[in-house]
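Welcome! Take a moment to look over the sequence and the fold, and then we can walk through them together.

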Amino acid sequence: MGIIEIRKEYEGLHVLLQAVAMGRDWNVVITGGEIPHLGAIALGIPRPSLQNPEQTSATVSVLTLTGHKEDEIARPAAHFLASRLNAPVVVSCGIHNNDIKPEDIRRFAELVREALNDFVAAARCKAT
């Protein structure tokens with residue numbers, strides 16, 4: 001079983017992506033901020049794209065804990081990973097900072113995107 005861990009930081013903000021390979025599938029946890037927690041869970045399942053069946057897309061189902069907004073991170077992350085890896089992916093996400101500012105939310109999203117790109121590269125290397 002493979003485990004990949006990726007950390008991203010910028011000016012005091014940080015994100016941690018931890019992924020466990022389950023055969024060809026992946027269980028990915030994304031946490032960050034001052035209080036890591038469980039805010040949303042997304043399941044991405046790869047499928048042929050509806051626009052171009054030669055390309056891989058994904059169907060994503062999401063569960064969000066009441067009052068949380070991490071579905072805005074978990075859904076696109078699960079779609080991105082399932083599509084790029086052509087494998088089922090579960091993404092659990094919880095990022096929290098007290099008194100967060102809009103620019104911090106944007107920066108967290110950028111850090112997550114960077115971590116996802118790094119993870120895809122690492123996961124593809126493990127597969128070969």
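This is a predicted model: local features need pLDDT of at least 70, side-chain atom pairs count only at pLDDT 80 or more; totals for chains, interfaces and linings use all residues.

## Where the helix ends

Helix H1 is made of 15 residues, and the distance from its first C-alpha to its last is 20 Å, close to the 21 Å expected at 1.5 Å a residue.

Several H1 residues are buried, including Ile-73, Ala-74, Ala-77, Ala-78, Phe-80 and Leu-81. In an α-helix there are 3.6 residues a turn, so residues three or four places apart point the same way.

## The sheet

Next comes an open sheet of 6 strands, arranged in the order E1-E2-E3-E6-E4-E5 with mixed pairing. Strands E1 (3-10) and E5 (56-64) stand at the edges with a single partner strand each, so one side of each has no neighbour in the sheet. On average, neighbouring strands here are turned by 15° against each other, direction ignored.

Further in, strand E4 (residues 40-48) and strand E6 (residues 89-96) run antiparallel and are joined by 5 bridges.

## A closer look at Ser-92

Ser-92 sits in strand E6. Is Ser-92 buried or exposed? Its relative accessibility is 15%, and buried means under 20%, so Ser-92 counts as buried. Leaving aside neighbours within four places in sequence, Ser-92 is in contact with Val-28, Val-29, Ile-30, Leu-38, Ala-40 and Ile-41.

Key. Residues are numbered from 1 along each chain as its sequence is written. Side-chain values use heavy atoms; hydrogens and water are left out. Two strands pair if DSSP finds at least two bridges between them. Helices (H or I, at least four residues) and strands (E, at least two) are DSSP runs, numbered from the N terminus. Axes are lines fitted to C-alpha atoms, for helices over the stretch in contact, and angles run from 0 to 180 degrees between N-to-C directions. The expected span of a helix is 1.5 Å times one less than its number of residues. Buried means under 20% relative accessible area, exposed over 50%, partly exposed in between (1.4 Å probe, protein chains only). Contact means heavy atoms within 4.5 Å.
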